[in-house]
Amino acid sequence: MQNLKGRDCISIDGFSAEEIEFIVDVGRQLKRELKMGRYNPLLLGKSLAAIFETPSTRTSISFEAGVQQMGGHMLWLDSHRLWVGEAQEEDWHDTIKTIARYCDGIAYRSIGQARQLSAAEFADIPVINASSPVEHPCQAFADAETMMEKKGDLRKAKVAFCWGYRTANPPAGLTNSTMLMAGKLGFELVIACPEGFDPDMDVYRRAQECASLSGGKISLVRSYEEAVHDADFINVYSWVSPEMFAKGLETHFQGDATFQARKAALKEEWRLSARVVGLARKDCMVMHCMPISRNTEVTDEVLNSPASIIFDQAENRLHVQKAIMALTMSATVNF
Ligand code: CP
């Protein structure tokens, strides 16, 4: 039994392998209880402040449903609601410190990393990273839960984490969190992406450092064919390098003509097809965190096949985030 009360969840690197496994176990226990129709009031009377700077389907709804299932309440705080949002009439630290006087936890999806880190620094209540440019720990936890459900012990598993073409330009946050998760839990992870789309190489090196202790293996290749051989899971995501994202691709512009032309040339090669899935293990499962750009990142044929477990992944956001909230925000977690 790990005591995580009061802890933030900003980075996968903030947790030991034992703590990660414990969180996933609690998530699976909460899932079993829910399937039996039992609601565990672990957050009775508690409030979660949910600050979202970008749209969200899975993260926001799973947090809200999860809090409610545990007897608590979520406040949806988008940029129209707070003085610190569109009005920009208040200092960020004053907003965070005030929220911490009313609520028991904060879930924060941020466009920038600096505000994510300062929220954790200035709030004396747990802050849960609901996706930032540098990490998406909740998704990585849900992916780990999903893979453990399907495969059991992940230490013998191989995961191909493959870049997929799409027109949007998301940051590499999930890729970074997945590398750290592989390093902590000790599974084999092969990142496949085109040149110029590497994830954060500092995180890559840190994940390799963790892997050297856990028995994991993390590498980077330039094609699906190299990545998927013998893979148990193929997880597809689209991202730009931290250097490109820092130029404001997602929020301000789609990149200059050179970037757009470079990216457009990748469209055919970097779409996951049934042919590529056929190169992996026979029982290989296909993952995507969603939202997914169908037939550009992954073909419909693959997404609609029995190999696709994308909705199990989406569902597990609910269960594992309930575990994170209960363990960090609640006094006791009893089963
Ligand atoms: N995967 C994920 O974070 O989805 P949303 O952006 O819809 O929350």
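Analyst: Relative accessible area is computed with a 1.4 Å probe on protein chains only, and a residue is buried under 20%, exposed over 50% and partly exposed in between. By that scale Glu-225, at 36% relative accessibility, counts as partly exposed. The model is predicted, so local features need pLDDT of at least 70 and side-chain atom pairs count only at pLDDT 80 or more, while totals for chains, interfaces and linings use all residues. Residues are numbered from 1 along each chain as its sequence is written, and side-chain values use heavy atoms, with hydrogens and water left out.

A salt bridge is taken as a side-chain nitrogen of Lys or Arg within 4 Å of a carboxyl oxygen of Asp or Glu. Over the whole structure, 18 salt bridges are found.

One of them pairs Glu-53 with Arg-115, whose closest N and O atoms are 2.8 Å apart. Glu-53 sits in the loop between β1 (47-52) and α2 (58-69), whereas Arg-115 belongs to helix α4 (residues 113-122), so the pair ties together parts 62 residues apart in sequence. Helices (H or I, at least four residues) and strands (E, at least two) are DSSP runs, numbered from the N terminus. Glu-53 is partly exposed, with a relative accessible area of 25%, and Arg-115 is also partly exposed, at 30%.

A further salt bridge joins the side chains of Asp-198 and Arg-222 (2.8 Å, N to O). Here both residues lie in loops: Asp-198 between β6 (188-192) and α7 (201-214), and Arg-222 between β7 (217-221) and α8 (224-228), so the pair ties together parts that are 24 residues apart in sequence. Arg-222 is partly exposed, with 31% relative accessibility.

Arg-275 counts as exposed, at 51% relative accessibility.

Some salt bridges share partners: Asp-13, Lys-184, Arg-206 and Glu-209 are joined in this way into one network.

The axes of helix α1 (residues 17-35) and helix α6 (residues 173-185) come within 9 Å and cross at roughly 105°. Ala-17, Ile-20 and Glu-21 of α1 make the contact (heavy atoms within 4.5 Å) with Met-181, Lys-184 and Leu-185 of α6.

Methods: Axes are lines fitted to C-alpha atoms, for helices over the stretch in contact, and angles run from 0 to 180 degrees between N-to-C directions.
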